[in-house]
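Here is a short walk through one protein model. Keep the structure in view as you read.

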Amino acid sequence: MMSRSSVCLFLALVAIVLPLFAAGASRGPLVGGWSPIKDLSDPHVKEIAEFAVAEYNKKSKAALELQSVVSGETQVVAGINYRLVVAAKDGSASANRYQAVVWEKAWEHSKNLSSFKPV
């Protein structure tokens, strides 16, 4: 059984710690976590998607054409990772979906295609 002073100490700690957790939760996503992109029609998002398809085409000798950005998320990591699902087609074939991850350091005008795979 807990002593009265232990119970008081526990309640005091709870009163201090709970508001800190609530304040952290209201700030939004944690640094390093993925956050949904709210505006997929943003010109910069389209630029990232076009870069991903162009880089994939260069590396794989493919001829994919970007059709649309289906969904996307960002992650802050010494720059920004963009994880996009894009619809792209090769010639007359119907569009397929691909997941592309692009790491961008905007202040260095640098982009790198980390991965590009069918989903």
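Start in helix α2. K46 and E50 lie four residues apart there, so about one helical turn separates them. Their side chains meet in a salt bridge, at 3.8 Å from N to O. K46 is partly exposed, with a relative accessible area of 45%. E50 is partly exposed too, at 41%. Bear in mind that this is a predicted model.

The side chains of E47 and K111 form a salt bridge, 3.1 Å from N to O.

Five strands make an open sheet in the order β1-β2-β3-β4-β5, with antiparallel pairing. β1 (34–36) and β5 (110–118) are at the edges. Each has a single partner strand, so one side of each lacks a neighbour in the sheet. From one strand to the next, the twist averages 30°.

How does helix α2 meet this sheet? Helix α2 (residues 43–60) packs on it, touching β2, β3, β4 (96–105) and β5. The helix direction makes about 70° with that of β5.

Look inside the sheet next. Strands β2 (residues 64–76) and β3 (residues 80–90) pair in the antiparallel sense over eleven bridges. E73 has R83, in β3, as its bridge partner.

One more salt bridge joins K105 and E108, with the closest N and O atoms 3.8 Å apart. The whole structure holds five salt bridges.

Key:
Residues numbered from 1 in each chain as written. Predicted model: local features only at pLDDT ≥ 70, side-chain atom pairs only at ≥ 80, totals over all residues. Heavy atoms only, no water. Pairing = 2+ DSSP bridges. Helix = DSSP H or I, 4+ residues; strand = E, 2+ residues; numbered from the N terminus. Axes fitted to C-alpha atoms, helices over the stretch in contact; angles between N-to-C directions. Contact = heavy atoms within 4.5 Å. Salt bridge = Lys/Arg side-chain N within 4 Å of Asp/Glu carboxyl O. Buried < 20%, exposed > 50% of the residue type's maximum accessible area, 1.4 Å probe, protein only.
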